[in-house]
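Please keep the sequence and the coordinates in view while reading.

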Amino acid sequence: MIAVENLSKRYGETTVVDGVSLTVERHSITAIVGTSGSGKSTLLRMINRLVEPTSGRVLIDGRDTRAEPAYLLRRRIGYVIQGHGLFPHRTVAENIATVPRLLGWNERRIGARVRELLEVFALDPATYAGALPHQLSGGQQQRVGVARALAAEPLVLLMDEPFGALDPIIRAKAQDDLLDIQRRFGTTVVLVTHDMDEAFRLGSKVAVMSGGRLLQCDRPAVLLTRPADPFVSRLTGLADRAMRLLSLVTAGEAALPGASDGPAVAPTTSLREVLSELVWSGADSARVIDVDGTVRGRLTVAAILARGRP
Amino acid sequence: MPRAATVVRLAALALLVAFLTKPQSFAPLFAPLTQYGAPPIYDQGNLLQLALAQLGTVCLAAAASSLVAVGLGILVTRPSGAQFLPLSRTLVNIGQTFPPVAVLAVAVPLVGFGEKPTLIALFAYGLLPIFENTLVGLRTCPPAVLEAASGMGMSARQRLLSVELPLATPLILEGIRLSLVINVGTATIGSTVAAKGLGEVIIAGLLSSNTAFILQGGLLTGLMAILLYDGLAALERRLLRPVTLD
C-alpha cells in the first residue's frame with residue numbers, strides 16, 4: 001500500500017503540488033489525471049523521489065520512503081516513462097537486466113528472468129534478446145520499457161504517460177497487456193495520463209488533479225455520478241458521461257435471467273459496446289454467452305439504459 | 001568504394017614505411033631540388049627514429065590532454081561542478097589561442113630545452129577539441145534515457161559510467177583524434193627547442209636553404225597525420241560497432 005501524506009512541492013514561489021493526501025491500495029491500478037501543469041507528474045515523481053518533496057511524506061507498506069538513499073528506493077520501484085528511455089547502446093536483454101544487475105543478482109537468475117519477461121511480452125528471445133532498441137518498432141520498444149521496469153519484480157510500478165507515444169491500435173493493445181500483467185504479477189500500479197479514456201479503462205481508482213491539488217480520488221463510476229468538484233465533471237466530460245458509465249460495466253455483470261434471440265455478446269464486453277451492437281442490429285435485447293457456449297442471460301435495451309444513470 | 005579507399009590507405013602506409021626505413025632509395029626523386037651537390041636526403045639523423053620520437057611526444061601529450069579535458073568535461077556537466085564551466089572554458093580556450101611557439105618560449109626558461117617544453121605546448125594546444133567534444137557528448141544524452149537511468153536506481157556514478165560516458169564515447173574519441181592530428185603537425189616546432197622530431201629535418205632545410213629537406217620533413221609529417229587520423233577512425237568503427245543480429 002502506498003500512503004501519500006500531505007505532500008507538497010514548491011519551487012520558490014510556485015507551488016506545483018499542494019498538500020496532496022492519497023492512498024493507493026495494494027494490487028490496484030490508480031490513474032492520476034489532470035491537465036498539463038496540474039502537478040500529476042511531479043506527484044508521481046515524488047513517490048520514487050526523482051523529485052524530493054518540500055513537505056509531507058510517502059509511505060510504502062508503512063515504511064517512509066526517506067528511510068533509505070533514493071537510488072536504493074528506486075531499485076524496488078518500477079518506473080516507465082513516455083518515450084520508453086531505453087539505453088540505446090545496450091541490447092534488449094541488457095536493458096531488461098538493468099535493475100537485477102544493480103541489485104547483484106547472479107547471471108543465471110538474470111538470464112532466466114529476462115527470458116521469462118520477453119516471453120510474457122511476446123518478444124521471441126532468439127530474435128529480440130540481442131537486438132538494439134532502435135531495431136524495434138515503437139510498440140516493441142514500449143513493451144521492453146515495461147519489461148525493464150518489472151525485471152526485479154517490484155511491488156510498485158510507476159508509469160508516466162507510458163502509452164503517450166503510441167498510435168491508437170498499439171495503444172489499446174499495450175493497455176490490455178498492462179491489465180494482464182498487473183493481474184499476473186499483482187503489481188500495484190500508479191499511472192499518470194491526460195487521456196480520460198485510458199484512465200477509465202485502466203484505473204480501479206482515478207485521481208483528478210488541478211492546480212497542484214487533488215480534487216477527488218475514487219472509483220471511476222463515483223467520479224461520474226458524484227463528482228466532488230465542477231472541474232471533475234468537466235474533465236470526465238458531461239456530454240458522454242452516460243456512455244462512460246456504461247463502458248465501466250461488463251455484460252457479464254449486468255446480465256439478467258431470461259432468453260433472447262438477439263445478437264450474442266461475450267460476458268467481458270462492456271455495456272457501451274453491447275448498446276452499440278443493439279443500435280446497429282436493431283434488436284431490442286442481446287444474449288450473453290460464454291466462450292464455451294453457456295448462456296449467462298440476456299440484456300435488454302431498457303436494462304442497459306438503466307445502468308447509464310446514477 | 002571501400003576497396004579503393006583501402007588500397008589508397010595501404011599505399012600511403014607503404015610509402016611512409018619505405019621512406020622512413022630506406023630513405024636513400026628516394027634520393028633521385030629529391031635530387032632536382034638541391035643545389036651545389038647538397039645531400040637530397042636528410043643525413044644528420046635517422047628519419048625513422050625522429051618520426052617515432054615525434055609520435056611518442058604527441059601521444060604522451062594527447063594522453064595528458066585527454067585525461068584533463070575529459071575530466072574537466074565530466075566535472076562541469078555535474079550539478080556540483082557547473083559553476084566551473086566558464087572558468088574551464090576560458091582556460092581551455094587560452095590553451096588553444098596562445099601560440100604553441102610562445103608557450104615554448106615561456107616554458108624553456110622554466111623546464112629547460114628538450115622534450116618537456118614541447119609536451120607542455122602540445123598538451124595546452126590539444127585540450128580544446130577534446131573538452132568541447134566531451135561537453136557536447138555528455139550534454140546531448142537523451143533526457144528520457146537519463147531519467148530512466150535515475151528512475152531505475154542508478155547512482156550518479158553508475159549513471160555516468162554506464163550510460164553517459166558510453167553514449168558520449170564516439171564524440172570524445174573524435175575530439176581526441178582531432179587533437180592528435182593537429183598536434184602531429186604542431187609538434188615539428190618542438191625541434192626549435194631541441195626536442196627530437198621531424199621538425200629537425202625542416203629546420204635543417206631552412207638553415208641550409210635545402211628545399212629537399214623541407215619538403216621531405218613536411219611530407220612525412222603530413223603522411224603521419226593523415227594515416228593516424230584514418231587509422232584511429234577505422235579502429236573506432238571497429239570497436240564501437242553496435243551489436244547487431246545476424
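Into which domains is chain A divided? In this predicted model, chain A comprises domain 1, covering residues 2-239, and domain 2, covering residues 244-307. The C-alpha centres of these two domains of chain A are 33 Å apart. Their contact is made by 6 residues from domain 1 of chain A and 4 residues from domain 2 of chain A. On the side of domain 1 that touches domain 2, helix H10 of chain A (residues 220-225) gives the most, with 3 residues. By residue class, that side of domain 1 of chain A consists of 4 nonpolar and 2 polar residues, with no charged ones.

The overall dimensions of chain A may be considered next. The chain holds 15 helices and 13 strands, and its C-alpha trace spans about 60 × 55 × 30 Å along the principal axes. For 310 residues, a compact globule would have a radius of gyration near 19 Å, and the 21 Å of chain A agrees with this. Of the 310 residues of chain A, 42% count as buried. Among the contacts in chain A that join residues at least 6 apart in sequence, 62% are between residues at least 24 apart.

Attention now turns to chain B and its helix H8. What distance does helix H8 of chain B, residues 156-186, span between its end C-alpha atoms? The span is only 38 Å, whereas a straight helix of 31 residues would span 45 Å at 1.5 Å a residue. Along H8(B) there is a bend of about 50 degrees at B:Thr169. A proline, B:Pro170, follows within four residues of that position.

Is B:Ala121 buried or exposed? A residue counts as buried if 20 or more other C-beta atoms lie within 10 Å of its own. B:Ala121 is buried because 29 other C-beta atoms are found within 10 Å. When its neighbours within four places in sequence are set aside, B:Ala121 is in contact with B:Pro100, B:Val103, B:Leu104 and B:Ala107. B:Pro28, by comparison, is 93 residues from B:Ala121 in sequence, and the C-alpha atoms of B:Pro28 and B:Ala121 are 37 Å apart in space.

Conventions:
Residues are numbered from 1 along each chain as its sequence is written. Chains are lettered from A and ligands numbered from 1 in the order in which they are written. This is a predicted model: local features need pLDDT of at least 70, side-chain atom pairs count only at pLDDT 80 or more; totals for chains, interfaces and linings use all residues. Domain bounds come from an automatic or database domain assignment. Two residues are in contact if their C-beta atoms, placed from the backbone, lie within 7 Å. Helices (H or I, at least four residues) and strands (E, at least two) are DSSP runs, numbered from the N terminus. Ala, Val, Leu, Ile, Met, Phe, Trp, Tyr, Cys and Pro count as nonpolar, Asp, Glu, Lys and Arg as charged, and the others, Gly among them, as polar. The radius of gyration is taken over C-alpha atoms; the globule rule is 2.2 Å times the number of residues to the power 0.38. A residue is buried if 20 or more other C-beta atoms lie within 10 Å of its own, exposed if 12 or fewer, and partly exposed in between; C-beta atoms are placed from the backbone. The expected span of a helix is 1.5 Å times one less than its number of residues. The bend at a residue is the angle between axes fitted to the seven residues ending there and the seven starting there.
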